[in-house]
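Welcome! Take a moment to turn the structure around on your screen before reading on.

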Amino acid sequence: MAKKVFPPAIIFNPTPVIMVSCQGNNGKPNIITVSWAGVLCSEPPMIGISIRPNRYSSSLIKESMEFALNFPSSSLIEKADYCGSISGKAADKFQDANLTPAPSKEIKAPIIKECPINVECRVKQIIPLGTHELFIGEVVAYHLDEDIIVKTNKADIEKADPVAYSPGTLEYRRLGEVIGTYGFTKGKMKEVGT
Ligand SMILES: Cc1cc2nc3c(=O)[nH]c(=O)nc-3n(C[C@H](O)[C@H](O)[C@H](O)COP(=O)(O)O)c2cc1C
């Protein structure tokens, strides 16, 4: 198949859909949906989310230096899209989207009860990159709905039913079937060295 080359742009596909809950000095919690997000480090557990400085949530996170990641199931996609479409400056997104703020363990901002996976983070660094600032957060606690727990403290991805986002085509999608497990080819293919 012939290939076409393009000038630089984001062609990272898929990205996650994450509802980030945050709370600043006024004590009113807010939610921003983000897709520019990923794992940065295993130990200590660190994640990164990138937010435009003009978002209301950016100022709230800078005030508290805390936030929580909430992973919506596919049934929550309308609420996730809504929280990514209007600003919390003039709206109460918890109320409007009929979402429940539940107490976090280590941070002031609440988690979103309806999301099966919630990750509390404390901001370690904010790095300006251009259109976005990278918020590097250290995980300080996480919550799992009891019915999605496997292997003591892990999440069953099928039951969690997370949403993938395709930035180019703007589609939200569910995951497909299992096609392998980590390391399942070990000893089956010719070793090629790294
Ligand atoms: C699927 C989706 C992904 C988004 N990803 C990001 C992101 O990674 N960073 C960002 O700054 N804004 C992102 N947005 C836009 C914000 O969620 C949106 O501007 C939101 O209204 C900001 O809310 P706030 O002003 O209450 O903080 C995304 C929106 C959607 C729908």
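Below is a short tour of the chain, its paired strands and the surroundings of its ligand.

Keep in mind that this is a predicted model. The protein chain contains 4 helices and 14 strands. Its radius of gyration is 18 Å, close to the 16 Å that the globule rule gives for 194 residues, so the chain is as compact as a globular protein of that length. The C-alpha trace spans about 60 × 45 × 30 Å along its principal axes. Buried residues account for 27% of the 194 residues. If you take the contacts between residues at least 6 apart in sequence, 62% of them join residues at least 24 apart.

Now look for strand S10, residues 133–144.

| Strands | Bridges | An example of bridge partners |
|---|---|---|
| S5 and S10 | 6 bridges | Ser50 and Leu134 |
| S9 and S10 | 11 bridges | Gln125 and Ile136 |

S9 and S10 also form a hairpin with 4 residues between the strands, and there Gly130 takes a positive phi near 150°.

Which residues are closest to the ligand? They are Trp36, Ser57, Gly84, Ser87 and Gly88, out of 21 residues that surround the ligand. The elements that each give two or more residues to this shell are strand S3 (29–34), strand S5 (46–51) and helix H1 (56–64). S3 gives the most, with 4 residues. By type, the shell holds 8 nonpolar, 9 polar and 4 charged residues.

Key. Residues are numbered from 1 along each chain as its sequence is written. This is a predicted model: local features need pLDDT of at least 70, side-chain atom pairs count only at pLDDT 80 or more; totals for chains, interfaces and linings use all residues. A residue is near a molecule or strand if its C-beta atom, placed from the backbone, lies within 6 Å of it. Ala, Val, Leu, Ile, Met, Phe, Trp, Tyr, Cys and Pro count as nonpolar, Asp, Glu, Lys and Arg as charged, and the others, Gly among them, as polar. Two strands pair if DSSP finds at least two bridges between them. The radius of gyration is taken over C-alpha atoms; the globule rule is 2.2 Å times the number of residues to the power 0.38. A residue is buried if 20 or more other C-beta atoms lie within 10 Å of its own, exposed if 12 or fewer, and partly exposed in between; C-beta atoms are placed from the backbone. Two residues are in contact if their C-beta atoms, placed from the backbone, lie within 7 Å.
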